[in-house]
Amino acid sequence: MATAFSTIRQDVGRKLGWMELGTLTAATTTTATDNTRYDPDDFWNEGWLRIYSPVADAQNRRISDWARTTNLFTIYGTFGTTLDGNELYEAWRYVSPTDADQAIYRAIRNVRPFLFQNLSNASLTITGGTYTVTVPAAFLNWGVHRVEVLDPGTGTPIFSVTEFRYRGDGTTLELPAYVVDSYAGYTLRLSGIGELTEPTTDAGTVESDYPELHMLVLGAAAELMEIRLFREPIQNQEKLNPLLGILRRDYEQAVKRYGKRADYGGPPAHTAWV
């Protein structure tokens, strides 16, 4: 399952209670209005406004003032892209959405030994008389575990190739002659596993199922708490440290429960490296 990077960031913010979602009802170059928000005066002062949808309008701005009577965010500076007043946004306190992005990146790196993403690629076509195909880059670290021939009309598998093998360099897949001769022009689908990748934009996705995504969110929440702790006065650190301990404990328990859930079914019996 592909989960949008913005969704993961929002889950982390909600987990900590530091972020709320909304939809703008009006905007100027320096202000944004949400007539459905009823937070007290100055509640969002020195926080951050993250426009995340539509993607073309995506941007972060520091909030200089929140006015309850007019439901108005005023920002420092100006919006880099003109808003038309119906964008989706995140409002953050204590930490910035950029901090949250960095926390998720750290969590992805930390979780890589325990969590993989399922890979699938259906971009290769069988060419008559050519018995090799180049392995897509995403598969190079972990390898292809399943090769299927797809029905050209429906895109569903009609044949599973069990006798494929790698050439010595590991970047070329050799297909049996009977497959090439019988299915020239058909599309191949390769399946395997790979490392979780770090999306570079809100439109990017992370491949994971719900239990594994929960593990990632817990890890990112703990990382984000550490970012905040680093900036807080000592008296505030003493209040936040117990919460960090709870997040770390829940994350470790999730790793034990959901780690290493690569659900690719295992390689075909006759797959071989040569």
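**Close-up views of a predicted model**

**View 1. The hairpin of strand 6 and strand 7.** Four residues lie between the two strands of this hairpin, and asparagine 71 takes a positive phi near 55°. The model is predicted: local features need pLDDT of at least 70, side-chain atom pairs count only at pLDDT 80 or more, and totals for chains, interfaces and linings use all residues. Residues are numbered from 1 along each chain as its sequence is written, and side-chain values use heavy atoms, with hydrogens and water left out. Strands (E, at least two residues) and helices (H or I, at least four) are DSSP runs, numbered from the N terminus. Strand 6 (residues 59-67) and strand 7 (residues 72-75) run antiparallel and are joined by four bridges. Aspartate 65 stands opposite threonine 74 in strand 7.

View 2. Two strands pair if DSSP finds at least two bridges between them. Contact here means heavy atoms within 4.5 Å.

**View 3. Strand 7 and its two faces.** Strand 4 (residues 31-33) runs antiparallel to strand 7, joined by three bridges. Threonine 31 stands opposite threonine 74. Buried means under 20% relative accessible area, exposed over 50%, partly exposed in between (1.4 Å probe, protein chains only).

**View 4. The largest nonpolar core.** This core has 38 residues. A nonpolar core is a set of buried Ala, Val, Leu, Ile, Met, Phe, Trp, Tyr and Cys residues joined through side-chain atoms within 4.5 Å. Val12, Leu16, Leu216, Leu224 and Met225 have the most contacts inside the core. Helix 1 (5-16), helix 2, helix 4 (210-231) and helix 5 (234-258) each give two or more residues. Helix 4 supplies the largest share, twelve residues. Leucine 224 touches, among others, Val12, Leu16, Trp18 and Trp92, not counting residues up to four places away in sequence. A second, separate core of 19 residues includes Phe164, Leu175, Leu188 and Leu190.

**View 5. Aromatic pairs.** The count comes to eight. Rings of Phe, Tyr and Trp (its six-membered ring) pair if their centres lie within 6.5 Å; planes under 30 degrees apart count as stacked, over 60 as edge-to-face and the rest as tilted. Tryptophan 18 and tyrosine 94 have ring centres 5.9 Å apart and planes at 70°, so the pair is edge-to-face. Tryptophan 18 counts as buried at 5% relative accessibility; tyrosine 94, at 39%, counts as partly exposed. Phenylalanine 73 and tyrosine 89 also form an edge-to-face pair, 5.6 Å centre to centre with 75° between the planes. Both phenylalanine 73 and tyrosine 89 are buried.

**View 6. Charges over rings.** The charged end of arginine 93 sits over the ring of phenylalanine 43, 3.9 Å from its centre. Arginine 228 lies over the face of tyrosine 94, at 3.8 Å from the ring centre. The criterion is NZ of Lys or CZ of Arg within 6 Å of the ring centre and within 35 degrees of the ring normal.
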